[in-house]
Amino acid sequence: MQFTQVANSYACRNETPYHYSGGNFSVRDSPSYDVFPPILTPTYCGGGIRHKTLSSLQFSFHQFGHKPSPAMWTALSDIAGVIEGMAEGSCDPNYYLSSLDPGVGKTQTLLQTVKTIVGDVRHRQVGVIIFLSRLEEIRALVNEGGMEPSTYAVLTSDKDLNASGLGHEKANDAQILITTQRRFENATIHGRRFSDCSTFFYRSRPRRVRVWDESLVPGRSITIDRYSIASLLEPLNKSFPLLRQDLETIFDTLKDCLDESFYDVPDFATEHGVGPLEAIATLPHSLDKRAETILSLWFLSGRRVGVRHDRKHRLFIDYRDFLPDDLAPLLILDASGRVRTTYEFWENRRGGLVKLSTGHKRYDNLTIDVWKQTGSKGGWKKEGKKLLEGVASMIQTDPEGEWLIVHHLPKSVGFNLPKELKANPRINPSRLKFLTWGQHLATNAFKDIPNIILAGTLFYPAPAIEALGMAAAKHPSSEGALPKTDRDYVELGEHCHDILQALCRGRARGCVDGVCPPCRAFIIAHPRSGIPNALEMIFPGAKIQQWKLPRHLAETTGSSLKGKAKIAFDFVVTRLKEEQQTIVSFPEAARSVNYDKADFRKIRKHRAFIEALEDEGIRESSVPPGFTITHQTSD
C-alpha cells in the first residue's frame with residue numbers, strides 16, 4: 001500500500017456532518033448555523049438541555065480564554081444534542097462518534113451537559129453512566145467535574161478508590177455513575193445484555209445516557225499462541241486430565257500448521273463438560289493472567305479459526321463481539337476518531353456507527369522535526385546510544401525550556417532513557433518530564449509544556465493488527481485473512497492514533513480560535529513505518545521538517561554501503577530524483593556497476609541496500625521491472 005495515497009485519502013475524505021434533530025440524525029451538506037458565540041441564539045442551540053449547556057460553555061470557555069472555531073461549536077453542539085436525545089428517549093439506537101481533537105472541549109461539554117440534566121427537575125429519573133479506561137481518569141474527571149458528591153458514584157474493582165469517599169456510597173441512588181470500561185466488559189462477557197446488569201442501574205432501571213470516553217472497537221481481538229496454551233497444562237492436569245490432553249494436542253499440532261491455514265478448535269464444554277469458569281477455578285488466583293487465555297480459548301471452542309505465523313510463534317487469531325445488542329444509543333468521545341481506520345471499517349462494513357461533525361483543529365503553530373531513524377524497541381536495543389545522543393543534543397537547543405519525552409519502558413529496550421538524560425551534565429533535569437508509551441493517553445498534566453519528543457513509536461505484532469481489523473470490519477477469521485491493504489490501513493491508523501494522543505499531551509492540545517498555540521515536536525520514525533508521510537494528515541497545517549542533528553549523527557542515506565552496492569545506490573537515486581526518471585530498470589542499474597543479471601541480484605537482495613533505498617522512498621517495481629519512487633510500510 002502506498003501511504004502517500006492513504007494519507008491523501010484521509011485528507012480528502014468526504015466528512016459528512018450530521019445534525020441532531022428530534023431523535024434522528026439527518027445528513028447536511030454544510031452547517032446550517034451562521035451565528036456562534038458570543039451570541040448564542042435558539043436557532044443555533046435549540047431549546048432545553050443543549051441550549052443551556054452551550055450557554056454555560058460559552059461562559060466557562062470565556063473565563064479561561066478558550067476560543068473554539070465556529071465549526072467546533074457545531075461539533076460541541078452535536079455532543080450536547082446526542083446526550084439530550086438519550087435523556088429524552090428520542091435518540092436512534094446507534095453509536096455516535098465525536099472525534100474532536102484533544103483540547104477542543106469534548107470532556108467539558110460532556111460534564112456540562114450531564115450537570116444540566118442533573119439540575120433539571122424534568123430529568124430526575126434519567127440515569128447517566130460514563131465509561132472510562134483507567135482509574136486515573138476517574139480521579140481526574142471527578143476533580144475536574146465540579147459535581148455534587150450526592151449526584152454521582154464511582155464503581156471500580158479498586159476497593160481503595162471505591163472507599164475513598166468519592167461521591168455517593170450507593171451506585172443505584174446516584175444519578176451519575178462513573179465506572180471502568182473493563183468492569184463493563186467483565187459484566188457482559190458471557191453474553192449478558194446491558195439491561196441485565198443491575199450493577200449499573202439507576203433507581204433499579206438501566207441508565208439512559210451512556211458515554212464511552214476514548215477509543216472503542218466493537219469486538220475484542222483474540223490472539224493465542226502455543227505457549228499461552230501450554231501455560232494451562234499444569235493447572236488443569238489434576239482436575240481435568242482429558243482436557244489437558246486435548247490442549248497438549250493443540251500445542252503439538254499448531255507448530256506444524258501453515259500460515260493463513262485453519263484449525264478446528266474442539267468444543268471443550270461439550271466434549272469435557274468443562275466451562276471457562278471451572279477452568280479458571282484451577283488457577284492459583286482469579287487475577288492470574290492465564291484467565292484471559294482461558295476465556296478467549298473457550299470462546300473459540302467449537303469454531304474454525306485462522307492460524308498465523310509471527311516470527312517464531314504460531315497462534316490462533318480471531319475476535320469476539322463484546323457490545324450487548326441493547327447498549328446503543330451510546331456516545332463515543334475519541335479524539336483519534338478522525339485518524340483511526342477501525343472507525344471507518346465499523347461505519348462502512350459493520351454498520352451502526354454515526355460520525356458527528358468534526359470541526360477540525362489546525363496545527364499551523366506546530367513545528368515537527370522528524371528523524372528518519374528506527375525508533376522501535378528493537379531500534380533502541382540496537383542503537384540506543386546513538387538515539388540518546390540525538391535526543392540529548394536537541395534538548396540542549398533549549399536548555400531552560402520544559403521538555404516532555406515519551407519513551408519506551410526501560411525494561412522493554414534494556415535502556416533507561418530518563419536516567420541517561422538526567423545524568424547528562426549539559427541538561428537541566430528539573431526541566432524534563434517523562435511519559436512511557438501506554439501511559440500517553442488522557443492526561444492533562446503536561447498541557448503547558450512547549451517541547452515534546454516522541455523517542456520512537458509503538459509497533460504492534462502483525463496478527464494483533466489483523467485481529468483488530470477483523471473486529472472492526474466484522475470479518476471472522478473463518479472467512480480467510482484480512483486483505484494486506486486492509487492490514488496496512490489499520491496499522492497506519494494505529495500509528496496515527498498513538499502519535500496524535502502522545503503529541504497532544506503537551507501544548508499542542510491547546511486551542512485558540514481553532515488553532516493550537518506555538519509549540520515544537522520531535523519524532524523518531526523510519527520512513528518504512530509510513531509515519532513521516534502521515535504527519536501532515538494527523539496535524540493539518542503543521543510545518544514538517546528534518547530533525548537537525550550533529551554532523552556525526554546525520555549520516556546520509558546509504559552511507560553504510562560500500563563498493564559496488566554504494567555505486568548502484570547512488571546511480572538509482574540520481575536517476576530517479578535528480579534526473580526525475582519514473583523507473584530505473586534492473587539491467588540499467590546492473591550496467592552501472594558492470595554486473596550481469598545474476599550478480600546484480602545479490603546486491604538487490606542485500607538488506608542494507610534495500611533499506612537504503614527505502615529511506616529514499618524507493619522500492620522495486622514488478623510492472624515494469626525496476627526501481628521506482630514510492631512510500632510504503634513493512635512489518
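Is helix α21 (residues 531–538) largely enclosed by the rest of the structure or exposed, and how many of its eight residues are buried? Six of the eight are buried, so α21 is largely enclosed by the rest of the structure. Buried means under 20% relative accessible area, exposed means over 50%, and partly exposed lies in between, with a 1.4 Å probe and protein chains only. The buried residues of α21 are Ile531, Pro532, Ala534, Leu535, Met537 and Ile538.

Some ground rules. This is a predicted model, in which local features need pLDDT of at least 70 and side-chain atom pairs count only at pLDDT 80 or more, while totals for chains, interfaces and linings use all residues. Residues are numbered from 1 along each chain as its sequence is written, and side-chain values use heavy atoms, with hydrogens and water left out.

Next, confidence. pLDDT is the predictor's confidence in each residue, from 0 to 100. The protein chain has a mean pLDDT of 86, and 89% of its residues reach 70 or more. Residues 1–46 have pLDDT below 50, and beyond near neighbours in sequence this stretch has 108 contacts in the model. Residues 631–635 are also below 50, with 20 such contacts. Contact here means heavy atoms within 4.5 Å. Where pLDDT is low, the predicted coordinates should not be read in detail.

Now the whole chain. The protein chain has 25 helices and 21 strands; these are DSSP runs, H or I of at least four residues for helices and E of at least two for strands, numbered from the N terminus. Of its 635 residues, 54% are buried. Taking contacts between residues at least 6 apart in sequence, 77% join residues at least 24 apart. The accessible surface is about 28,200 Å², with 49% belonging to carbon and sulfur atoms; the areas come from the Shrake-Rupley method with a 1.4 Å probe, and for residues only the protein chains shown count as cover.

On to helix α19 (residues 462–473), with two packing partners to discuss. Axes are lines fitted to C-alpha atoms over the stretch in contact, and angles run from 0 to 180 degrees between N-to-C directions. Under 35 degrees counts as roughly parallel, over 145 as roughly antiparallel, 65 to 115 as roughly perpendicular, and the rest as oblique.

With helix α20 (residues 484–503), the angle is about 100° and the axes are 9 Å apart, so α19 and α20 are roughly perpendicular. Ile465, Glu466, Leu468 and Gly469 of α19 meet Arg487, Val490, Glu491 and Glu494 of α20. That contact has three nonpolar, one polar and four charged residues. Here Ala, Val, Leu, Ile, Met, Phe, Trp, Tyr, Cys and Pro count as nonpolar, Asp, Glu, Lys and Arg as charged, and the others, Gly among them, as polar.

With helix α15 (residues 341–350), the axes come within 7 Å and cross at roughly 40°, so this pair is oblique. From α15, Thr342, Phe345, Trp346, Arg349 and Arg350 meet Leu468, Gly469, Ala471, Ala472 and Ala473 of α19. By class, that is six nonpolar, two polar and two charged residues.

Last, some backbone points. Alanine 328 and proline 329 are joined by a cis peptide bond, omega about 5°, and proline 329 is in the loop between β11 (313–321) and β12 (330–333). In the loop between α8 (181–188) and β7 (209–213) is arginine 203, a non-glycine with a positive phi of about 50°. Arginine 203 is partly exposed at 42% relative accessibility. Serine 204, in the loop between α8 and β7, has a positive phi of about 65° and is exposed at 56%.
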